[in-house]
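Dear colleague,

I am handing over the structure we spoke about, and below it you will find my notes on what turned up in it. Please read them with the coordinates open beside you.

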Amino acid sequence: MRDFHLPGRSQVLATEGMCATSHPLAAATAIDILKRGGNAMDAAIAGAVLLGICEPQMTGIGGDCFVLYTRPGEQEIRALNGSGRAPAAARARALRDEGLEAVPLRSAHAVTVPGAIDAFCHFSQTEGRLGLDAVLAPAIHYAEAGVPVAPRVAFDWANDADALQGTARDTYLVGGAVPRVGQIFRAPGQAEVLRRIAKNGRDAFYSGEVTEDMLAALQAAGGLHSAEDFAATACTQTEPVSGSYRGIDLVEHPPNGQGATAILMLNILAQFDIAAMDPWGAERAHIEVEAAKLAYDARNRFVADPDHTARLEHMLAPETARKLAALIDPKRTMTAPAELSEAVHKDTIYITVVDRDRMAVSLIYSIFHGFGSGIASEKFGILFQNRGAGFTLQEGHPNELAGGKRPMHTIIPGMLREGGRVTMPFGVMGGAYQPHGHARFVSNLRDFGMGTQAAIDAPRCFHEHGKLRVERGYAPEVRQALADLGHVVELRETAIGGAQAIRIGADGVLEGASDPRKDGCASGY
């Protein structure tokens, strides 16, 4: 039980249905959909699409999604890949010939065809109850009427606004300026697009005037996209991957998502007695960060389009984890994980809803970097993701940019399973941090017996770009101890990621938890 003298939040308890997500309007919308007879998939789609209006710096209809879900009365976890592909004409060699070493983040070359709308339409038809018109109605309303900008959204908006280019500035700035907390943001162009989708389905987005508007913007920015690329977009049913950590199964979406990275990281951590360590101490943070370095190095080698991923079985094998764990020095940080692990490898926004029938949906939906590519279509204001920046230009690499390929994705939905029963859909936002966040969340639950909300609230650290970035939840003496181990410690101004989870109790009680690092909440009835 948390200390009620201190700031914090309690988990939310209900029995009929639950949603946890990063904005309260989206959570309320999902619950309303459930009360109106919709199921968890209807509610997740309604909330997710609305998040593109509430948090446009994070997600939108120009983005991608991945989904894990169960059907009522079933414990089988299913997966759907709603990520888009590079235009057919894309070639890594062309960018290498320009002298580039990476796909430019804010360019049309980084824009893959948006896949989320195709996935949402597919789910509405195959798994939902209410139909697209009912499911999209809340987002259409708020896109027209406007949404007051929430505090964390305003903070992120100010940090990322420089990414906006050309007509995107007209659409995503208010009066030419970053909106203030409480200022109303409207997206009437997106409302019109959603109305057309509600009436005519996915073809309203992937053909006709909406596609023409998107193509005009992309081609003007030097993109190689064609009408055929948009028309060919199709989500893909696939099989989840999973691993076990101290009696709990972590189920992840397979590549081209990076979920396998979280499984490998937990497999490495299982070689250490994490439960005997101080949960907020330097020893645990050090071992966890070193495990993450090695797991992410494996991701960078192997995770790509599922038709091109190399040696996924090797990445998930227990023997691989044991060999990698042996490379970790408890007394010193590693400076070159790729070189150390070469011998081992010689031979990868969030909303969750559970309904009264215990259908569970774990859905993550994103435009990648803040405001994605920064490019938006002129007429409808559709902001494009920059997921193509997840490709490498390295010749011969499984994740090398090529026409029709899906890039390595950072977004990963998760689910936990115990004794064959699905017990928790969950997700951790935060770009590259997500696999680390999944592993830390599971470890918080399993190694330290934390409740769902406490496991989310707990302080985080993450090694990125040569620095160990830590939140202020770590004591100064812990930060110093990490520096003494060789880490270049940086106190983060921005909190690391966000998380949402719903525990499905065997007693029929749903327990929702939502990250205080975001504006959102868990809500149930």
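**Aromatic pairs**

F462 has a relative accessible area of 6% and is therefore buried, and please keep in mind throughout that this is a predicted model. Y296 comes out at 10% relative accessibility, so that residue counts as buried too, the cut-off for the term being under 20%. A search of the whole structure finds ten aromatic pairs. In one of them, the ring centres of Y296 and F462 are 5.8 Å apart with their planes at 55°, which is why the pair is classed as tilted. F120 and Y365 also pair, but in an edge-to-face arrangement, with 5.1 Å from centre to centre and 75° between the planes; both F120 and Y365 are buried. Elsewhere, W157, Y172, F185 and F371 are linked into a cluster by ring pairs.

**Strand β18 and its partners**

Strand β18, which covers residues 510–514, is mostly covered, since five of its five residues are buried. This holds for both faces of the strand: L510, G512 and S514 are buried on one side, and E511 and A513 are buried on the other. β18 is paired with strand β1 (residues 12–14), to which it runs antiparallel and is joined by three bridges, and within this pairing A14 has L510 as its bridge partner. β18 also pairs with strand β17 (residues 498–504), again in the antiparallel sense and over five bridges, and here A501 has A513 as its bridge partner. The hairpin made by β17 and β18 has five residues between the strands, and in it G508 adopts a positive phi near 95°.

**The second largest pocket**

Sorted by class, the lining of the second largest pocket has eleven charged, nine nonpolar and eight polar residues.

With best regards

Technical notes:
Residues numbered from 1 in each chain as written. Predicted model: local features only at pLDDT ≥ 70, side-chain atom pairs only at ≥ 80, totals over all residues. Heavy atoms only, no water. Buried < 20%, exposed > 50% of the residue type's maximum accessible area, 1.4 Å probe, protein only. Helix = DSSP H or I, 4+ residues; strand = E, 2+ residues; numbered from the N terminus. Pairing = 2+ DSSP bridges. Nonpolar A, V, L, I, M, F, W, Y, C, P; charged D, E, K, R; others polar. Phe/Tyr/Trp six-rings, centres within 6.5 Å; stacked < 30°, edge-to-face > 60°.
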